[in-house]
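Let's take a friendly walk through a protein chain, one step at a time. Have a look at the sequence and the 3D view, then read on.

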Amino acid sequence: MRACAAALLLLCGLGSVLAKEAPAQAEVWTGWVSWVMDGDTVLVVRPGQQEPVKLRLDAVDAPETCQPGGVAARDAMMALALRKSVQVQSLGHDSYGRDIGRLTVNGVDLGAEMVRSGMAWAYRFRTGRGPYAALQRQAQKEKRGVFAGREEPMSPSLFRKFHGSCLAP
């Protein structure tokens, strides 16, 4: 009987831990992209609003604009999203106050497209490569985008460690 009670308490405790770690329900909304800041950050205007929302794409990390491949990544995102109607799956905020989310145009996941084309790395903050890791491996294998050169490109996170953000003085 004690073993059953202990097991039940353990399961209840584990359930409460899992419940705390479960992500909140994602908000889904539509808007249009008014500006592309770089390969993984856009400004999206909600219907009826004038001020755009700064949205950082979830699960990708594009080169900084001052980094090799950064301008090409920004231009690729412009081609995919600028002035287009988009659907946003908002997943929360980052430490810089930006919304974090998935962005789609006509059902196409733009984060996946950026990684597939070799214009961004698959990335998940604090947990590793994220859901697009297979797409990144394929882009590297086929030498697409930033992976087309002879040398292995520096990931944006490593670039920022050595050089800081392009916006930093």
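We start with Glu27, which counts as partly exposed because its relative accessibility is 40%. Please keep in mind that this is a predicted model.

**A pair of charged side chains**

What does the side chain of Glu27 meet in a salt bridge? The partner is Arg46, at 3.2 Å from N to O. Glu27 belongs to strand β1, while Arg46 sits in the loop between β2 and β3, so this pair ties together parts that are 19 residues apart in sequence. Arg46 is partly exposed too, with a relative accessibility of 25%.

| Pair | N to O distance |
|---|---|
| Glu27 and Arg46 | 3.2 Å |
| Arg102 and Asp58 | 3.2 Å |
| Asp61 and Arg160 | 2.9 Å |

Take the side chains of Arg102 and Asp58, which meet in a salt bridge. This pair links distant parts of the chain: Arg102 is in strand β6 and Asp58 is in the loop between β3 and β4, 44 residues apart. Arg102 counts as partly exposed, at 21% relative accessibility. Is Asp58 buried or exposed? Asp58 is buried, because its relative accessible area is 12%, and the cut-off for buried is under 20%.

Now find Asp61 and Arg160, whose closest N and O atoms are 2.9 Å apart. With a relative accessibility of 2%, Asp61 counts as buried, whereas Arg160 is partly exposed at 27%. These two also belong to one network, in which salt bridges that share partners join Asp40, Arg56, Asp61, Glu64 and Arg160.

**The whole chain**

Let's step back for a moment. How many helices and strands are there in the chain? There are 5 helices and 8 strands. Read from the N terminus on, the elements run α-β-β-β-β-α-β-β-β-α-β-α-α.

The chain has 169 residues, and 35% of them are buried. Its accessible surface comes to about 10500 Å², with 58% of that area belonging to carbon and sulfur atoms. Contacts across the sequence can be described as well: among those between residues at least 6 apart, 55% join residues at least 24 apart.

In soluble globular proteins, nonpolar side chains tend to be buried together. In this model, the largest nonpolar core has 27 residues, and those with the most contacts inside it are Val33, Val42, Val44, Met77 and Leu103. Which elements each supply at least two residues of this core? They are β1, β2, β3, α2, β5, β6 and α3. The largest share, 4 residues, comes from α3.

Leaving aside its neighbours within four places in sequence, Val44 is in contact with several residues, among them Trp29, Trp32, Val33, Leu55 and Val88.

**A buried arginine**

Next, look for Arg98 in the loop between β5 and β6. Arg98 is buried, with a relative accessible area of 19%, so it falls under the 20% cut-off. What does the side chain of Arg98 make a polar contact with? It pairs with the side chain of Asp94, at 2.6 Å. Beyond its neighbours within four places in sequence, Arg98 is also in contact with Thr41, Lys54, Arg56, Gly92 and His93.

**Out on the surface**

Val71 lies in helix α2 and is partly exposed, with a relative accessible area of 39%. The C-alpha atoms of Val71 and Asp38 are separated by 7.6 Å, although these residues are 33 apart along the chain.

The other place is a nonpolar surface patch of about 290 Å², made by Met154, Leu158 and Phe162. Phe162 lies in helix α5, which covers residues 156-163. Its relative accessible area is 60%, so Phe162 is exposed.

How values were computed: Residues numbered from 1 in each chain as written. Predicted model: local features only at pLDDT ≥ 70, side-chain atom pairs only at ≥ 80, totals over all residues. Heavy atoms only, no water. Patch = residues over 30% accessible without salt bridge, like charges linked within 9 Å, V, L, I, M, F, W, Y side chains within 5 Å. Areas by Shrake-Rupley, 256 points an atom, 1.4 Å probe, with all protein chains shown as cover. Salt bridge = Lys/Arg side-chain N within 4 Å of Asp/Glu carboxyl O. Buried < 20%, exposed > 50% of the residue type's maximum accessible area, 1.4 Å probe, protein only. Core = buried A, V, L, I, M, F, W, Y, C linked by side-chain atoms within 4.5 Å. Contact = heavy atoms within 4.5 Å. Polar contact = N/O pair within 3.5 Å; in protein donor to acceptor, adjacent residues only side chain to side chain.
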